[in-house]
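Welcome! Have a look at the sequence and the model, then try the exercises that follow.

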Amino acid sequence: MNICVFLSAADLDERYTRPARELAELIGKGGHSLVWGGSNVGLMKVVADGVEEAGGRLVGVSVEFLSDRVRPGVDEMVVAKDLAERKRLLLEKADAVIIMVGGTGTLDEATEILELKKHGHTEMPVVLLNTAGFYDGLKEQFRRMEAEGFLPRPLTELVLFAEEPVGALAHLEESQGIE
C-alpha cells in the first residue's frame with residue numbers, strides 16, 4: 001500500500017518523534033511505501049529514516065521553494081511547482097492517508113483530503129493520528145460541524161481518529177483488505 005503521511009518538518013521532542021518512529025517501522029515492516037513531502041529535516045526525516053530502515057519504499061513529493069531540503073537517494077522524488085500541485089501529486093500516489101502532527105501546511109493537506117472525501121471524489125481511508133492529544137480541539141470542531149449539519153456525510157466515514165500508530169495502520173490495512 002502507498003501510504004501518504006502528512007506531517008511537520010519541524011524538529012520536535014520525544015512525545016512526537018517516538019510515535020513517528022513507531023509508525024515508520026510499522027509502514028516499512030508491513031512492506032508499504034511512504035508517500036510524503038520529501039523533506040530530509042525534522043519529523044519528516046524521522047519518518048523517512050524509520051521506513052527506510054524497516055525496508056519500506058520512499059516516494060517523495062517536494063515543492064520548488066523547498067528543494068534544498070529534499071532527501072537524497074529515495075526510490076522516487078518529484079518536485080512540484082507549487083503547493084497545490086504538490087498536494088495533488090501526493091494524493092494521486094496514495095492509497096491511504098495518515099495525518100500526523102503539524103502546522104498550517106499539514107492542516108491544509110488534511111482539509112484537502114477530507115473535502116475530497118466529503119464530496120465523494122475519493123474513498124481512500126484517512127486516519128488522523130492524535131499523538132499526545134494534539135488534535136483534540138480539531139476533533140471537537142469536527143464533531144460540532146457534524147452535529148450542526150455542516151458535513152453531508154457522517155464524520156466516521158471521513159476520518160478515523162487514532163491515538164496510537166498501531167491502530168492507525170491496522171485501520172488502513174483492514175480497509176484495504178490486508179491482514
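Helices (DSSP runs of H or I, at least four residues) and strands (runs of E, at least two) are numbered from the N terminus. This is a predicted model, where local features need pLDDT of at least 70, side-chain atom pairs count only at pLDDT 80 or more, and totals for chains, interfaces and linings use all residues. Residues are numbered from 1 along each chain as its sequence is written, and side-chain values use heavy atoms, leaving out hydrogens and water.

**Exercise 1.** Describe helix 2 and what follows it.

*Solution.* Start with length: helix 2 has twelve residues and reaches 17 Å from first C-alpha to last, close to the expected 16 Å (1.5 Å times one less than its number of residues). Next, look just past its end, where G55 takes a positive phi of about 95°.

**Exercise 2.** Work out how helix 1 meets helix 2.

*Solution.* First, the geometry: helix 1 (residues 14–29) and helix 2 (residues 42–53) pack at about 35°, with axes 7 Å apart. Axes here are lines fitted to C-alpha atoms over the stretch in contact, and angles run from 0 to 180 degrees between N-to-C directions.

**Exercise 3.** Is L114 buried or exposed?

*Solution.* Locate L114 in helix 4 (residues 104–118). Its relative accessible area is 8%, so L114 is buried. Finally, list its contacts beyond four places in sequence: V126, F142, L158 and V159.

How values were computed: Buried < 20%, exposed > 50% of the residue type's maximum accessible area, 1.4 Å probe, protein only. Contact = heavy atoms within 4.5 Å.
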